[in-house]
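Please look through the sequence and the model below before reading on.

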Amino acid sequence: MWTLRVCTVGGFGGYPARDFTFWLELFLFGPAMSMGQAGFSSSGDRASGDRTSSNRPDEADLPPLMVGYQQGDAAAVDQLVARISPSLWRFFLSNSKTPADAEDLLQECWIRIHKARHTYRSSEPLLPWVFAIARYTKLDGYRKRRRRESKETPVDVLPDVGALDAPSTDESQKRFLQLLQQLPESQREVILMLKVSDMSLEEVARATSSTVGSIKQKAHRAYAKLRELIEREGV
Amino acid sequence: MATELKTDCRSLDAEFDGQWGRKGANLSADATRHIGECPRCLALYQSLYVEASLPEQRVSPVVQRGITEEIRKSLTPVTPLGSTPVLAAQLAAAFLVISVVLASTMKLVGIPVMSGTQMVGMSAVLALGLIVISRSLAWQMTPGSRQTIPAWTAVAVLGMGLLIGMLVLFPVRTPQAFLARGLHCLRVGVLVAVPSAAIFWWLARRGAPLNLTTLGATLGALAGLVSVALLQVACDLQEMNHLVVWHGGVLLLTTLVGACMGRFFGNRRIVDKKIIRKK
């Protein structure tokens with residue numbers, strides 16, 4: 001009966017409505033077909049969840065760009081910043097109060113990447129190296145924010161222009177971010193790296209100085225928690 | 001029916017571990033069927049796949065341009081850092097050089113007091129500790145390294161190894177001037193650890209350590225290891241109580257002080273600099 005609810009009411013416990021063929025194809029042909037080919041790409045609507053391209057930057061040509069960066073090639077820097085920044089932006093945005101905070105973190109992260117660029121080795125994958133730096137940028141940003149907030153005395157209530165309320169952010173993504181906010185920090189960052197930045201378990205383990213087994217455990221706990229949260233919100 | 005029972009929510013989670021990319025997850029037929037039957041899993045899949053696709057082109061071009069311009073200002077060629085084994089070997093070599101130089105200034109009265117077994121046993125424990133700690137430090141110098149042994153585990157392995165070595169290899173005797181002799185060893189150990197830690201810090205700062213608390217603890221442990229090694233050959237009171245409390249105490253103290261200093265500097269690291277101020 002829940003499928004009826006999806007099709008007729010227009011959403012799955014608050015999820016955006018999909019047409020009937022989407023669900024039919026999901027069940028008949030599997031998610032790869034229904035999500036990637038038939039369901040979303042036919043609509044061409046990015047805001048409603050179209051993943052016409054992966055969240056993950058194409059890694060194959062990133063190491064040569066990074067090597068160019070190490071050798072002082074300005075063109076390589078331009079390309080690298082353009083290719084990696086969206087992933088970093090998503091990573092920071094999902095945990096920031098406002099888009100401006102995420103921009104600050106993005107800039108801070110690039111300063112740190114610049115200072116640490118000599119520590120990258122071309123034989124190693126680039127994304128774990130970048131995200132290891134991004135992770136600590138985010139942690140330090142969080143600590144800085146906490147420290148600042150503890151010293152501030154609010155004199156007026158400012159309008160909340162948080163990332164979650166950004167006008168171009170889709171409702172479903174907003175909902176996803178709200179769900180993520182309810183996860184413990186360690187689980188949230190694993191889900192962000194695995195599913196938002198589309199990194200592999202091995203890459204997340206490297207980025208977090210952890211082991212693959214530990215990452216799997218955190219991810220599975222996060223899945224269980226997300227199921228609970230989704231159910232609690234009325235599925 | 002067997003296939004119906006094979007895939008449940010938990011095994012679906014295992015399939016969620018894979019990377020998804022633009023065509024979604026490559027879920028098995030069983031998993032797909034399970035998603036069709038389980039509303040909770042469908043909602044989770046939809047949440048992870050569809051909703052996690054946060055908007056891509058949201059980075060402000062002004063910010064992006066500002067980042068590249070700022071980087072270009074100080075864009076100079078850099079020499080990549082050596083590999084993890086090379087860095088670990090450099091740290092181990094520094095350990096040996098520091099130990100030899102400082103030992104040359106001391107009377108090595110501990111060597112004749114130790115038996116062959118004690119000598120070999122403690123050398124093995126110290127060598128193992130050196131390998132584990134220097135590797136851990138080398139991993140920490142390079143972000144995104146595959147750390148097969150977490151840093152705190154490495155420190156714990158070193159501490160436990162030394163403790164077991166001291167407990168097993170050395171006899172329990174009635175303490176002779178336990179406090180006075182112990183404090184002397186503690187003082188010498190700390191005096192040795194300070195310059196050692198400074199040299200190891202100088203070597204480690206060539207990398208880009210991220211967690212300064214962990215780095216401080218590891219540096220403290222390595223500096224403490226130099227102290228323990230030197231006290232082992234320069235102290236003639238080779239009895240278990242003295243070794244565990246005072247020599248082991250030096251290692252514990254340097255590790256804790258290192259961790260505290262790392263935390264202190266980590267708190268100061270929070271930078272307020274912005275590349276661009278839009279407003």
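How many of the 12 residues of helix H9 (residues 185-196) of chain A are buried? The count is 10 of the 12, so H9(A) is largely enclosed by the rest of the structure. The model is a predicted one.

**Helix H9 of chain A**

- The buried residues of H9(A) include A:Gln187, A:Arg188 and A:Glu189.
- A:Val190, A:Ile191, A:Leu192, A:Met193 and A:Leu194 are also among the buried residues of H9(A), as are A:Lys195 and A:Val196.
- Just after H9(A), A:Asp198 has a positive phi of about 60 degrees.

**Helix H6 of chain B**

- Helix H6 of chain B covers residues 84-103, which is 20 residues.
- Buried residues in H6(B) are B:Thr84, B:Leu87, B:Ala88, B:Leu91, B:Ala92, B:Ala94, B:Phe95, B:Ile98, B:Ser99 and B:Ala103.
- Viewed down the axis of H6(B), these buried residues fall within an arc of 155 degrees, so they line one face of the helix.
- An α-helix has 3.6 residues a turn, so residues three or four places apart point the same way.
- B:Val97 and B:Val100 are exposed on the other side of H6(B).

**Cysteines**

- Over all chains, the structure holds zero disulfides.
- The cysteine sulfur closest to that of B:Cys38 belongs to B:Cys41, at 3.6 Å.
- A disulfide needs the two sulfur atoms within 2.5 Å, so the distance of 3.6 Å between B:Cys38 and B:Cys41 is too far for a bond.
- B:Cys38 counts as buried because its relative accessibility is 12%, and the cut-off for buried is under 20%.
- A:Cys109 is buried too, with a relative accessible area of 0%.

**The second largest pocket**

- The second largest pocket has a volume of about 970 Å³.
- Its lining has 33 residues, and B:Trp201, B:Pro209, B:Leu212, B:Leu215 and B:Phe265 lie nearest the centre of the pocket.
- Helix H6 (99-115) of chain A supplies at least two residues of this lining.
- Helix H10 (178-204), helix H11 (212-234) and helix H12 (240-268) of chain B each supply at least two residues as well.
- H12(B) gives the largest share of the lining, seven residues.
- By class, the lining of this pocket has 21 nonpolar, seven polar and five charged residues.

Technical notes
Residues numbered from 1 in each chain as written. Chains lettered and ligands numbered in written order. Predicted model: local features only at pLDDT ≥ 70, side-chain atom pairs only at ≥ 80, totals over all residues. Heavy atoms only, no water. Buried < 20%, exposed > 50% of the residue type's maximum accessible area, 1.4 Å probe, protein only. 1 Å grid on protein atoms, 1.4 Å probe; cavity = no way out; pocket = protein on both sides within 12 Å on 5 of 7 lines; lining within 4 Å. Points joined across faces, edges and corners; volume = space filled by probe spheres on them. Helix = DSSP H or I, 4+ residues; strand = E, 2+ residues; numbered from the N terminus. Nonpolar A, V, L, I, M, F, W, Y, C, P; charged D, E, K, R; others polar. Expected span 1.5 Å × (residues − 1). Arc of directions from axis to C-beta.
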